[in-house]
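Please read the following tutorial dialogue alongside the model.

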Amino acid sequence: MIPVPNPLDYDVSLENAFLPSTPPLECLPDPYYEQWEHVMTNLQGLILSKRLREVVDHLPVLSTDRLTDIVQWRRAYSILAFITHGYIWGGLKPADRIPPSISIPFLATCKRLELPPVATYAGLVLWNWKPIFANEPVDTLANLDTIETFTGSLDEKWFYLISIAIESRGAPIIPMMLRAIKAAREGDRDMVIRCLQSFAERLSELKDMLAQMYDNCDPHVFYYRIRPFLAGSKNMAEAGLPQGVIFDNGGAINRQRYVQFSGGSNAQSSIIQFFDIVLGVEHRSTGEAKPGNQSSPQISKSKYSAPSTNFIHEMRKYMPGQHARFLCDVDRVANIRTFVEENSSDRGLTLAYDACLAMLRSFRDTHIQIVSRYIIVKSREAASAKVQETASKKVDLAHRSKPVDENIKKDLKGTGGTALIPFLRQARDETGEPAVDEWTRRLLSKKGVLEKGAIPGETSARKVLDRIDGQNGLEKLWQADSNSGGLCTF
């Protein structure tokens with residue numbers, strides 16, 4: 001029997017999940033890298049004055065041989081990713097060639113960390129935080145700050161901090177659900193139920209934390225000032241990179257080729273993919289109908305420029321190597337969905353499992369609402385006001401080269417380069433497909449009552465499942481510990 005993975009073997013922290021167990025390095029200690037750090041200290045000023053490219057072009061090519069441990073490698077990666085994206089998107093027009101002073105060390109750093117040469121979720125979020133008070137936990141927004149930003153704005157900090165806090169707050173779910181996998185192997189239904197109940201309650205907290213995005217990140221600032229810097233080089237023809245970018249390694253120019261990579265995306269969050277894996281949620285390529293579901297017409301892939309492979313699985317290539325391998329190995333042993341289906345007569349088990357699906361789907365609903373407010377609405381406003389003609393000559397994700405029409409939801413690309421709303425909606429709908437109870441399946445269907453708002457204000461797993469369970473409630477099945485902050489014990 002394949003052993004259940006030990007998170008510590010994959011650089012996954014039991015306290016912070018996929019965040020480092022200790023705060024990331026804020027500055028490389030070796031004076032040799034002082035010129036990199038000087039650029040980062042003045043990054044916002046260099047971008048604002050349009051002098052970043054000038055400065056980077058004159059930097060020497062520094063070796064990565066003096067990076068002594070993984071903490072320093074991660075700092076180097078974040079530095080070079082920020083400088084690279086600032087270089088590409090920080091001018092009047094995007095730059096499609098990165099000079100050797102950045103390309104050579106960046107490619108070496110990416111090889112060491114098993115990451116592509118682009119600003120991934122790891123560089124922007126996982127390795128870009130610091131506690132305000134060292135003796136307090138970092139699973140709360142009240143004790144977190146970022147190390148680097150492109151704009152220096154509170155809005156950009158908050159945008160990253162929401163994800164950082166979600167990663168840390170979700171950390172207990174990892175050992176808990178690995179314990180549930182072991183319990184399922186042993187036929188211990190009571191333990192599986194307790195773990196699923198706690199999982200659902202924690203997901204409810206994560207959803208509420210995600211909804212705090214509105215508190216300090218203004219949609220206008222995000223759309224026009226922050227989002228352009230997060231873009232990659234894939235599917236970015238309309239933004240001014242029809243072929244992608246070239247990382248100049250100092251060799252013969254005729255041997256260098258354009259490459260294309262997706263930009264930073266929440267789909268690169270390992271913890272969200274972990275949730276899907278342990279619950280047995282399966283995702284298909286964007287636009288692909290559920291097998292055997294003739295009532296769901298397949299969406300034209302060419303119409304939405306959907307990738308030929310599953311985008312969520314593709315995003316594992318943008319995760320640190322050890323984290324991607326952890327997900328792969330968990331996927332090999334995940335058995336919760338099968339266990340619940342085999343014991344579907346156990347009402348407590350099916351309710352606890354369906355609660356997790358309901359809350360994960362609700363989490364994705366909240367994400368879609370944020371995307372709609374921060375991107376869809378702002379895109380419509382930009383098109384209506386003809387911002388690309390009257391406000392700026394800059395070509396980027398905010399100022400598209402052609403007007404946005406009524407198909408804006410279908411055509412808009414995320415920073416990851418995929419069709420935005422079709423991808424998010426399909427991922428949301430797929431989350432409810434494994435539901436065991438017939439009424440729950442109806443509740444979580446695309447046109448179900450949950451989406452239609454038939455349960456207004458009910459955001460907790462307990463309330464949602466009370467609704468699913470009719471008048472019986474969950475008094476005998478769902479016991480909360482008053483000392484556990486609202487989380488069920490396990």
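Q: On what basis are the values computed?

A: This is a predicted model, in which local features need pLDDT of at least 70 and side-chain atom pairs count only at pLDDT 80 or more, while totals for chains, interfaces and linings use all residues. Residues are numbered from 1 along each chain as its sequence is written, and side-chain values use heavy atoms, with hydrogens and water left out.

Q: What span should helix 5 have, and how far apart are its end C-alpha atoms?

A: Helices are DSSP runs of H or I with at least four residues, strands are runs of E with at least two, and both are numbered from the N terminus. The expected span of a helix is 1.5 Å times one less than its number of residues. Helix 5 (residues 100-113) has 14 residues and should therefore span 20 Å; the 19 Å between its end C-alpha atoms agrees with this. After helix 5 comes Glu-114, with a positive phi near 60°.

Q: Which residues of helix 5 are buried?

A: Buried means under 20% relative accessible area, exposed over 50%, and partly exposed in between (1.4 Å probe, protein chains only). The buried residues of helix 5 include Ile-102, Phe-106 and Leu-113. Among the elements that cover its buried residues are helix 4 (70-89) and helix 15 (321-333).

Q: How many salt bridges does a search of the whole structure find?

A: Side chains of opposite charge can pair when their charged atoms come close. A salt bridge is a side-chain nitrogen of Lys or Arg within 4 Å of a carboxyl oxygen of Asp or Glu. The search of the whole structure finds 17 salt bridges.

Q: Which parts of the chain does the pair of Arg-66 and Asp-30 link?

A: Arg-66 and Asp-30 form a salt bridge with an N to O distance of 3.1 Å. This pair links distant parts of the chain, 36 residues apart: Arg-66 is in the loop between helix 3 and helix 4, and Asp-30 is in the segment before helix 1. Arg-66 counts as partly exposed because its relative accessibility is 41%, whereas Asp-30, at 17%, is buried.

Q: Where do Arg-332 and Asp-329 lie?

A: Both residues lie in helix 15, three residues apart, which is about one turn of the helix. Arg-332 is exposed because its relative accessible area is 52%, whereas Asp-329 counts as buried at 18%.

Key: Contact = heavy atoms within 4.5 Å.
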